[in-house]
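Look over the sequence and the model first, then read the points below.

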Amino acid sequence: MTTARIVPDRARGNWCVQLHLFGGGTTYRELARARMGVVGGQEAVYCLRAQEYRQNMAYASFQDFLERLQAAGELREIDERVSPHLEITEIADRVMKMPGGGPALLFTRPDGFDVPVAINVFGSRKRMSWALGVEDYEEIAAEIERLLRPEIPAGLTGKLRMLGPLRRLASSPPRKVSSGICQEVVHLGDEADLSKLPALHCWPEDGGPFITLPLVFTYDPTTGKRNVGMYRIQIYDERTTGLHWQLHKVGAEHHRLQEERAAAEQRYHVAIALGGDPVYTFCAAAPLPPAIDEMLFAGFLRRQPVPMVRCKTVDVDVPADCEFVIEGYVNPSERRPEGPFGDHTGFYTPVEPYPVLHVTAITHRQKPVYPATIVGRPPMEDAWIGKAVERIFLPMIRLTLPELVDMNLPVEACFHNLALVSIRKRYPGHAFKVMNALWGLGQLMFTKMIFVFDADVNVQNLSECLWILSNNLDPERDMLVTRGPVDVLDHASRASGFGSKIGFDCTRKLPEEGHHRPWPEPIRMSPQVKAKVDALWSKLGL
Ligand SMILES: Cc1cc2nc3c(=O)[nH]c(=O)nc-3n(C[C@H](O)[C@H](O)[C@H](O)COP(=O)(O)O)c2cc1C
Ligand SMILES: [Mn+2]
């Protein structure tokens, strides 16, 4: 049982019941309405069973999420006229660098546009978790861990308990719908005008305005399999954009397959969606294996199928609950200079040729909000998306690397530049085995530096890591230098996308690893003395 507040539901001109559960306010509008009908008055008490809480958590739209943030005091509305040309960046950058990530921002009057701009909605641990429908994203990691390691059930209750996660998986595939709020307003052909979007010109040397939180929908032409990736979109003019899917990303592979297929100038279709349940944005950025459909994973996370609607002018399905959809086609052979762009490394990425999208339609909901972010010198909003990825993907990495205890990709090192991992070391060369495995695992191949620690080192504690690595390393013996693909954004590598990586074995060494001296124990006080001093402590006046 939990108390509820009745608040106006502005989006729908109705009333909704806002339930305050343990530790956070959540809007369960549909559920409350179904149970109570439309209610008046100031207070209501609503009885919510735990199961209903778990099953009714999906956001109806991006604005639904904004309302939740606002109700919880997590969203600041800024009514001052502020320009999307650099000024929003300067404000958002200062806010994102506040301790804990600062509040989410809604610029209600971006200068020159009549669409509000939301930014930093994912920019704290709490909001990133709420975006995924949980109080803390570690809950999802724990659930995936359980799902991936199903124990053989004992007895009927054990079997029934197993059904929970399986039912959740079964309800995950996206569902086709015939209409959606993302198509409330349709602009076709010449009516479609990208310059109406309050896309941010983020940094002074940027090549123009960019869409910074796009969900880019493509299909594999050989299998028909969908991919959704977050690849920045440069706006060239009213109806043309860049498509910045980098060399190693699935969007780029789909493009290459189209190139191979289409000897002639055979166009293929792409759609870019903005908004929707914030889970989609997370899934587009997440390094899912290409075989896993982002919309399936989104359905799993939100515990409800993603409603997909067919675009108006292209053969692409998009989530029906999005704020904006940009539809268009790509000529496989066409390239155009893209950039420069102030990137998440904290440096500008140079101008390089990328494929081009020709817009055939822009659709949006009535009274849309434009979702944005900025990237730049860390920490930024994407730090929280990255941390959620790190936590949620750890159980999946453990499937192939069960010795992996923990992993920390520090925000300051832009994630893929540096990894601190701890392992249960069992045999000579074990740390090197783990490095090589990580360099071969999906987007972890980009990791420039890997430090491997023993299981008892807390890799989340950077000062502990420095203490151990500086003491445990004999650099010549303990390092492994290798070569391979590196992130396209890396400006230090000898070539774009190709360079070297280094791993350091910071574990205790074994004789077979060339260490024939005794390994010292770290200094620890005896438990008896600790207990005695604990009892004395209050008398010492310290
Ligand atoms: C804010 C933000 C911007 C990003 N911009 C790009 C980009 O412009 N190009 C790119 O290739 N990846 C970009 N990424 C990273 C990809 O979204 C990420 O690698 C994702 O896993 C790619 O999906 P895919 O495996 O389906 O290709 C960005 C990520 C975030 C969070
Ligand atoms: Mn993908």
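Asn120 is buried, with 29 other C-beta atoms within 10 Å. Here a residue is buried if 20 or more other C-beta atoms lie within 10 Å of its own, exposed if 12 or fewer, and partly exposed in between, with C-beta atoms placed from the backbone. The model is predicted: local features need pLDDT of at least 70, side-chain atom pairs count only at pLDDT 80 or more, and totals for chains, interfaces and linings use all residues. Residues are numbered from 1 along each chain as its sequence is written, while chains are lettered from A and ligands numbered from 1 in the order in which they are written.

**The chain as a whole**
- The protein chain has 15 helices and 29 strands; helices (H or I, at least four residues) and strands (E, at least two) are DSSP runs, numbered from the N terminus.
- Of its 542 residues, 42% count as buried.
- Among contacts in the protein chain with a separation of 6 or more, 67% are between residues 24 or more positions apart; two residues are in contact if their C-beta atoms, placed from the backbone, lie within 7 Å.

**Backbone points in loops**
- Asn120 lies in the loop between strand 7 (117-119) and helix 5 (125-131).
- The phi of Asn120 is near 65°, which is a positive value in a residue other than glycine.
- Arg303 also has a positive phi near 65° and is not glycine; Arg303 is found in the loop between helix 10 and strand 16.
- Arg303 is partly exposed, with 17 other C-beta atoms within 10 Å.
- The peptide bond from Gly339 to Pro340 is cis, with omega near -5°, and Pro340 lies in the loop between strand 19 (336-338) and strand 20 (341-342).
- Pro378 and Pro379 are joined by a cis peptide bond with omega of about 0°, and Pro379 lies in the loop between strand 24 (370-372) and helix 11.

**Helix 10 and the sheet with strand 16**
- Eight of the nine residues of helix 10 (residues 294-302) are buried, so this helix is largely enclosed by the rest of the structure.
- Glu294, Phe297, Gly299 and Arg302 are among the buried residues of helix 10.
- These buried residues pack against helix 6 (138-148), helix 7 (155-170), strand 12, helix 9 (278-285) and strand 16 (307-310).
- Strand 8 and strand 16 are parallel and share two bridges, with Arg175 opposite Pro307 in strand 16.

**Nonpolar cores**
- The largest nonpolar core has 96 residues, of which Ala118, Ala271 and Val318 touch the most other members. Such a core is a set of buried Ala, Val, Leu, Ile, Met, Phe, Trp, Tyr and Cys residues joined through C-beta atoms within 7 Å.
- Helix 11 gives the most to this core, with seven residues.
- A second, separate core of 24 residues includes Leu409, Val421, Met435 and Phe504.
- Leaving aside neighbours within four places in sequence, Ala118 is in contact with residues including Leu66, Ala104, Leu106 and Tyr370.

- An open sheet of five strands has the order 25-26-27-29-28 and mixed pairing.
- Strand 25 (404-408) and strand 28 (479-485) are the edge strands, each pairing on one side only.
- Strand 28 and strand 29 (residues 498-505) run antiparallel and are joined by seven bridges; Pro485 stands opposite Phe498 in strand 29.

- Of the 20 residues around ligand 1, Gly229, Met230, Arg232, Gln246 and Lys249 come nearest; a residue is near a molecule if its C-beta atom, placed from the backbone, lies within 6 Å of it.
- Strand 12 (226-229), helix 8 (250-261) and helix 11 (382-400) are the elements that give two or more residues to this shell.
- By class, the shell has nine nonpolar, eight polar and three charged residues. Ala, Val, Leu, Ile, Met, Phe, Trp, Tyr, Cys and Pro count as nonpolar, Asp, Glu, Lys and Arg as charged, and the others, Gly among them, as polar.

Terms used: Two strands pair if DSSP finds at least two bridges between them.
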